Amino acid sequence: MGQAERRVREVAPAEVARATSPTIWEYPSHGDGSQGAATSRRDAVTRFAADRPLGVAPATALDYRELARRRLPRQLFDYVDGGAYDEATMRTNVADLGEVLLRQVVMRDVSVRDPAVEVLGQRLALPIVLAPVGLAGMLAQRAEVQAARAAEKAGIRFIESTVSICPIEEVAKATKNPPWFQLYVMRDRGFAEDLMARAQAVGSPVLVLTIDLAVVGARHRDTRNAVVGKPSSWAKARRALDLLSHPRWIANVPIGGRPLTFGNLEKAVPDASSPTAFRDWVDSQFDPSVTWKDIEWVRENWNGRLVVKGVLDPDDARRAAEVGVDGVVVSNHGGRQLDAVPSTARALPDVVDAVGDEVEVLADGGVRTGLDVVKMVAMGARAVLIGRAWAWAVAARGEAGVRHVLGVMKADIDTALGLTGQTSVADLDRSALYRAGQPVAQS
């Protein structure tokens with residue numbers, strides 16, 4: 001099979017997704033066929049573009065994705081890179097955000113541009129927060145610590161995952177600003193209460209409660225890599241070969257990054273000695289009986305800011321506001337839960353319109369550049385959580401990689417402000433965007 005044919009097969013699913021799913025954000029149509037011609041040219045360039053070279057240096061988050069793909073065992077790369085089912089929502093997260101157009105405005109005084117925002121009572125140098133990424137410490141040596149340090153140097157915040165390799169105490173000790181903490185509503189409420197107490201003990205100011213995991217979506221890449229289920233002896237041997245074929249990763253992570261346990265869960269499963277040993281306990285803890293009434297229980301055990309993550313529907317957002325949360329994260333879990341749900345770019349404006357004056361709205365999903373961040377903020381998000389972008393970067397080059405990606409995004413944001421005639425991220429609104437070829441009117 002030739003290179004061109006391989007490329008066609010690789011991009012075909014994304015092209016099918018674009019062709020079969022409507023988008024709310026459209027390119028201007030001039031009625032002369034130019035829109036269709038432009039789309040055809042773009043697809044042709046995508047179809048026959050060469051692989052990313054990376055012979056000299058990475059320039060974008062997607063370059064770090066390629067580096068991570070080369071450096072990680074396949075089973076780990078697919079875990080962080082993949083989505084649920086056919087990954088349609090994961091793709092449309094990126095595609096729909098790409099269809100949002102910035103409104104370029106010239107001849108305005110933009111000599112001073114401020115990318116800082118205030119989010120949940122904290123001032124951030126950029127409207128970016130590093131999202132919780134489970135198992136991140138399997139990607140690089142003590143990866144959560146490296147990412148938290150990079151976030152602090154960039155003037156933003158890091159969210160520690162319940163299923164991080166590094167415990168929250170280790171991350172907090174490595175930084176001056178305590179991390180935010182992400183929690184699942186667990187069946188074992190006593191252990192969840194202990195986790196909240198540990199987060200408060202290190203000074204964590206924000207609890208991010210993930211609420212879209214009543215059940216776990218099927219992630220077919222994990223099945224193909226025999227990461228889930230009961231693998232056969234042959235499958236275990238193939239997995240071992242996958243690991244052994246990456247000696248640099250072995251030296252850096254399994255040897256140099258020990259202990260490889262879920263640091264926040266060691267008390268719950270004291271006999272476990274590896275992430276695999278924790279799996280059954282973690283899977284058993286997702287609670288499908290959780291309702292909005294459980295927010296009262298969380299409030300009884302948490303005295304800081306409370307955010308719920310995993311809201312897509314405006315009615316759910318209104319209910320979140322009614323029960324008294326401080327913020328909602330518009331999120332489909334990066335396309336890792338229920339496939340064929342709306343992209344974040346599609347869902348965000350309606351959620352903002354429903355509750356924007358009552359709670360702070362954040363968002364994640366499909367963000368790869370600083371331009372994407374500006375689009376999300378202009379649609380109404382106070383700040384944007386990025387996950388895969390920092391996970392790829394830390395896997396490729398550790399703290400330096402995360403710092404570089406954040407630096408590139410900062411430069412993107414600065415450019416976008418200047419060329420949309422804006423002087424402050426905090427003042428961005430939908431007037432900085434086009435919709436269906438026309439500027440978005442403000443109500």
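Helices (H or I, at least four residues) and strands (E, at least two) are DSSP runs, numbered from the N terminus. A cavity is a set of points on a 1 Å grid over the protein atoms alone where a 1.4 Å probe fits but cannot get out; lining residues have an atom within 4 Å of a point. The model is predicted: local features need pLDDT of at least 70, side-chain atom pairs count only at pLDDT 80 or more, and totals for chains, interfaces and linings use all residues. Residues are numbered from 1 along each chain as its sequence is written, and side-chain values use heavy atoms, with hydrogens and water left out.

**Stop 1: the largest cavity**

Select Ala148, Ala151, Glu152, Ile156, Arg157, Phe158, Val171, Thr175, Asn177, Pro178 and Pro179, which line the largest cavity. Its volume is about 70 Å³, counted as the space filled by probe spheres set on grid points joined across faces, edges and corners. Which helix gives the most to this lining? H6 does, with three residues. Colour helix H6 (143–154) and strand S5 (157–160): each supplies at least two lining residues.

**Stop 2: the second largest cavity**

Now select Thr162, Val163, Tyr184, Met186, Leu265, Trp281, Val282, Gln285 and Phe286. They line about 50 Å³ of space. Helix H12 (residues 275–285) gives the most here, with three residues.

**Stop 3: strand S6**

Select strand S6, residues 180–184. Five of its five residues are buried, so S6 is largely enclosed by the rest of the structure. Buried means under 20% relative accessible area, exposed over 50%, partly exposed in between (1.4 Å probe, protein chains only). Trp180, Gln182 and Tyr184 point one way; Phe181 and Leu183 point the other.

Next, show the neighbouring strands. Strands pair if DSSP finds at least two bridges between them. S5 and S6 pair in the parallel sense over two bridges.

**Stop 4: Ala68**

Select Ala68, in helix H3 (residues 61–71). Is Ala68 buried or exposed? Ala68 is buried, with a relative accessible area of 0%. Beyond its neighbours within four places in sequence, Ala68 is in contact (heavy atoms within 4.5 Å) with Phe77, Trp392, Ala395 and Ala396. Finish with Arg397: 329 residues along the chain from Ala68, yet their C-alpha atoms are separated by 8.6 Å.

Definitions and conventions. 1 Å grid on protein atoms, 1.4 Å probe; cavity = no way out; pocket = protein on both sides within 12 Å on 5 of 7 lines; lining within 4 Å.
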